[in-house]
Amino acid sequence: MFALFFSIVNNAQKKIELSPLSKISVLTIGTEEELSSKFGHSAFRIQDPTLGIDVTYNYGMFDFNAPNFYLKFTTGKLPYRLARHSFDNFMYSYKIENRWVKEQMLNLNLKEKNALLQFLENNLLPENKYYKYDFLFDNCATKIPDVLKKVVGENLKPSYNHLKNQSSFRELIHISLETNEWSTFGIDLALGSVIDKKAAPEEYQFLPIYVYHQLEHTSKKDNTPLVSKTEMILKTKEKEKTNVFILSPFFWFGLFFILVTALTIKDYSTNKRTKWLDFIIFFSTGIAGILILFLWLGTDHNATAWNFNILWAFPFNLYVAFVFRKNNLPNWVKIYLITLLSLILISLFIWAAKIQIFSIIIVFVLLSLVIRYLYLLFHLRRRND
């Protein structure tokens, strides 16, 4: 019914006028195990029993069928868009995914409700509905306070007293993550030092849960709360965690460290060099470095800039990997190994100075690299003596 109603109104090029019985609320959706759902979701809901409408406005949509989808997604050029759904259809997917939904009813007068509806409807126009997504500054969650500020901002009084500690963007991201997960490791590897700066109080709202909390701590100029009522409208069923340690990055990088240490001790005792091990180390760190460099310089993602993981995941290692397949190594390899050890030392300083916080799991990688690089230097000197 709502689709027919909006179609008739839009085709007639008339404004939709809400009745005094209308309600506008903000929906906050809980997290899920999938990386795309790790941080929750936010949307507007508009109800009007007089007009027979109950719809949601969702800024988190994108088109899987868009030309060059994966390239655009990777490079940060994929446009996101606003979409309107019936409330029942919107909720159905979260029932299937077993995610909770909380609703905050907004204390808006009729003029403000109609202004908000008109703003959203204007954003739905083909020329307006697309926007350039940014994980930290322009996503489905940040759109909620942005829209409210544009429509009723002069009548709002936000308070940030509930934010006791000033956190960095990385610290806020980690709230929704487990340390010993591949997704967490990947995020810490891909995102640069720009997310280690302290977030301003209003910037916390790139996460839906902080939009939820901020609405609870915002009032109108007459000191009435912006949120008149909060209700859990969809509860989750009990979930069983299926974390298997043997599949975790801690296990595999710890095993890698043991393997590198054991083979290096064996090489030391036999005065040999395990070439396949050196190839794997240089090749994998080189590939990781090229990926980091691409995300930093080759994409529009702001959060991947100035990533100092590139100091230990050195892109030139990809070329050097093939050099280390040879029996006789060129003289410049010594200087190269000393350079790599120096870069690791610099990365540790950057970590200690909190310029960029690395994944704790990287300790296994750094120890493995230091052990192997030092042995290779020793081996080259011993061979030349």
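A residue counts as buried when its relative accessible area is under 20%, as exposed when over 50%, and as partly exposed in between (1.4 Å probe, protein chains only). By this rule Asn-58, at 5% relative accessibility, is buried. The model is a predicted one: local features need pLDDT of at least 70, side-chain atom pairs count only at pLDDT 80 or more, and totals for chains, interfaces and linings use all residues. Residues are numbered from 1 along each chain as its sequence is written, and side-chain values use heavy atoms, with hydrogens and water left out.

Helices (H or I, at least four residues) and strands (E, at least two) are DSSP runs, numbered from the N terminus. Two strands pair if DSSP finds at least two bridges between them. Strands of a sheet pair through backbone hydrogen bonds, either parallel or antiparallel. Here, 7 strands form an open sheet with antiparallel pairing. Their order is E6-E4-E3-E2-E1-E5-E9. Strand E6 (130-132) and strand E9 (227-234) stand at the edges. Each has a single partner strand, so one side of each is left without a neighbour in the sheet. From one strand to the next, the twist averages 25°. Axes are lines fitted to C-alpha atoms, for helices over the stretch in contact, and angles run from 0 to 180 degrees between N-to-C directions.

The pairing can be followed strand by strand. Strand E2 (residues 41-48) pairs with strand E3 (residues 53-61) over 5 bridges, in the antiparallel sense. Ile-46 stands opposite Val-55 of E3. Val-55 also stands opposite Ser-86 in E4. E3 and E4 run antiparallel and are joined by 5 bridges. E4 and E6 are likewise antiparallel, with 3 bridges between them. Arg-81 has Tyr-130 in E6 as its bridge partner.

Two helices lie across strands of the sheet. Contact means heavy atoms within 4.5 Å. Helix H3 (residues 87-97) lies across strand E1 (23-29), E2, E3, strand E4 (79-86), strand E5 (101-106) and E9. H3 runs at about 110° to E4. Helix H4 (residues 110-123) lies across E1, E2, E3 and E4. H4 runs at about 50° to E3.

Asn-58 belongs to strand E3. A polar contact is a pair of N or O atoms within 3.5 Å; within protein, one must be able to donate a hydrogen and the other to accept it, and residues adjacent in sequence count only if both atoms are side-chain atoms. The side chains of Asn-58 and His-41 make such a contact at 2.7 Å. The Asn-58 side chain also reaches the backbone nitrogen of Gly-60 at 2.8 Å. Leaving aside neighbours within four places in sequence, Asn-58 touches several residues, including His-41, Arg-81 and Phe-90.

Glu-112 lies in helix H4. With a relative accessible area of 9%, Glu-112 is buried. Its side chain makes a polar contact of 2.7 Å with the side chain of Lys-220. Beyond neighbours within four places in sequence, Glu-112 is in contact with Asn-107, Val-151, Val-152, Asn-155 and Lys-220.

Gly-286 is found in helix H10 (residues 275-297). At 0% relative accessibility, Gly-286 is buried. Its contacts, leaving aside neighbours within four places in sequence, are Phe-314, Pro-315, Asn-317 and Leu-318. Gly-286 and Ile-310 are 24 residues apart along the chain, and their C-alpha atoms are separated by 9.2 Å.
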